[in-house]
Amino acid sequence: MVHQTNSPDLAGIRRRLLTWYSKHKRDLPWRRTQDPYRIWISEIMLQQTRVAAVLPYYARFLARFADVRALAEAPEQDLLAAWAGLGYYSRARNLQKAARKIMELGEFPRDYLSLGELPGVGDYTAAAVSSIAFGLPHAVMDGNVARVLSRLGPELGDIKSEPVRKRLRALAEVLLDRRRPGEFNQALMELGATVCLPRRPLCERCPIRQYCEARKQGLENQLPVRGAGPRTEQRGKKLLVIEKAGKILFWQRAAESSRLAKFWELPERDQLPDAAVTDYAGAFRHTIVNTTYLVEVCQASVAARPTGFRWLPKTSLADFPVSATAKKALALHAQCATPKRNG
Ligand code: SF4
């Protein structure tokens with residue numbers, strides 16, 4: 001088993017992994033900088049979000065908010081508009097809270113503990129930023145790292161259980177290359193993202209396959225072990241696209257809303273029972289945390305603007321934080337040149 005400090009295996013694993021990383025790492029914009037601000041933004045965006053989805057947002061976000069001050073001083077609506085579609089909006093709000101705190105501090109926090117005091121920065125982000133931007137020896141633990149280490153071990157317990165998480169964190173700390181912690185952390189995450197895949201890992205291409213106990217025991221496709229996850233609930237909703245003179249009818253979520261506060265939404269059928277539905281545009285599925293919605297989209301009209309609703313100009317919707325569900329509904333409506341039936 002891979003678990004002993006100073007074992008020659010550890011040195012071999014580190015060396016092979018770092019050599020592989022220097023040759024095979026993907027060329028990603030946040031890997032071309034040592035600027036802690038840019039590294040921090042990338043790490044927050046990458047939480048729960050695929051690299052391909054993050055890339056265009058990252059470029060646009062930094063073009064709009066080039067440094068901590070620009071982010072701290074941005075109007076909330078601009079910030080949410082820049083984040084719209086990326087999901088988990090508390091991340092954007094926490095980024096701005098943290099930027100304001102950094103402005104008060106007068107400099108970017110440079111160590112794990114002070115990074116961890118910023119809003120929205122947990123163990124993972126503090127370890128990632130402190131190791132990548134400042135070269136400090138803190139091991140990261142995300143889904144990719146947990147998978148690689150559970151196979152390397154092997155770890156046969158439920159990866160979601162606290163004792164197993166503790167064991168994996170301890171293994172990550174032991175394995176960390178303390179001379180090049182930032183690169184080592186990224187190498188381990190890159191291995192999980194591109195080679196040690198959740199299904200059918202590409203073991204033939206793996207630089208540390210000779211050390212991998214799961215592979216030796218033929219368990220690579222069985223690990224990590226996962227307990228039953230939370231159940232997904234199914235719900236339906238009907239959204240109305242109501243257009244008049246180049247404007248679309250929206251309502252805005254309250255500032256106190258627990259989800260998507262201040263985001264703009266299309267009206268739901270139940271909110272406007274008197275609206276006349278004129279066409280049916282189609283339907284799509286949209287999953288939010290553990291709920292999957294079947295969203296039906298209809299075109300409709302109203303005699304006058306209902307109380308609590310506002311017309312937003314169609315051509316400048318990008319300036320408003322419009323929810324991802326509303327964006328999908330509008331895209332479906334726009335595609336639908338020939339409405340199918342009345343709904
Ligand atoms: Fe993952 Fe296969 Fe490498 Fe083991 S040998 S770490 S299972 S890719």
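Reader: I keep meeting the idea of paired strands. What does it take for two strands to pair?

Author: Two strands pair if DSSP finds at least two bridges between them. Keep in mind that the model you see is predicted. Here, Trp 251 stands opposite Glu 265 in strand E3.

Reader: In which sense do E2 and E3 pair, and over how many bridges?

Author: E2 and E3, the latter spanning residues 264–265, pair in the antiparallel sense over two bridges.

Reader: Which residue stands opposite Ile 248?

Author: That is Leu 312, in E6. Strand E6 covers residues 310–313, and its antiparallel pairing with E2 runs over four bridges.

Reader: How should I think about side chains along a strand?

Author: In a regular strand, they alternate between the two faces of the sheet.

Reader: And how is E1 joined to E2?

Author: Strand E1 (residues 233–244) and strand E2 (residues 247–252) run antiparallel, with two bridges joining them. Look for Lys 244, whose bridge partner in E2 is Lys 247.

Reader: Let's turn to the ligand. Where does it sit?

Author: You will find the ligand in the largest cavity. Among the residues around it are four cysteines to pick out on screen: Cys 196, Cys 203, Cys 206 and Cys 212. Arg 151, Arg 209, Arg 215 and Glu 220 are there too, along with Val 195 and Pro 201.

Reader: How many residues of that shell are nonpolar, polar or charged?

Author: Six are nonpolar and four are charged, while no polar residue belongs to the shell.

Terms used. Residues are numbered from 1 along each chain as its sequence is written. This is a predicted model: local features need pLDDT of at least 70, side-chain atom pairs count only at pLDDT 80 or more; totals for chains, interfaces and linings use all residues. Side-chain values use heavy atoms; hydrogens and water are left out. A residue is near a molecule or strand if one of its heavy atoms lies within 4 Å of it. On a 1 Å grid over the protein atoms alone, a cavity is a set of points where a 1.4 Å probe fits but cannot get out, and a pocket is an open set with protein on both sides within 12 Å along at least five of seven lines; lining residues have an atom within 4 Å of a point. A molecule sits in a cavity or pocket if more than half of its atoms lie within 2 Å of its grid points. Ala, Val, Leu, Ile, Met, Phe, Trp, Tyr, Cys and Pro count as nonpolar, Asp, Glu, Lys and Arg as charged, and the others, Gly among them, as polar.
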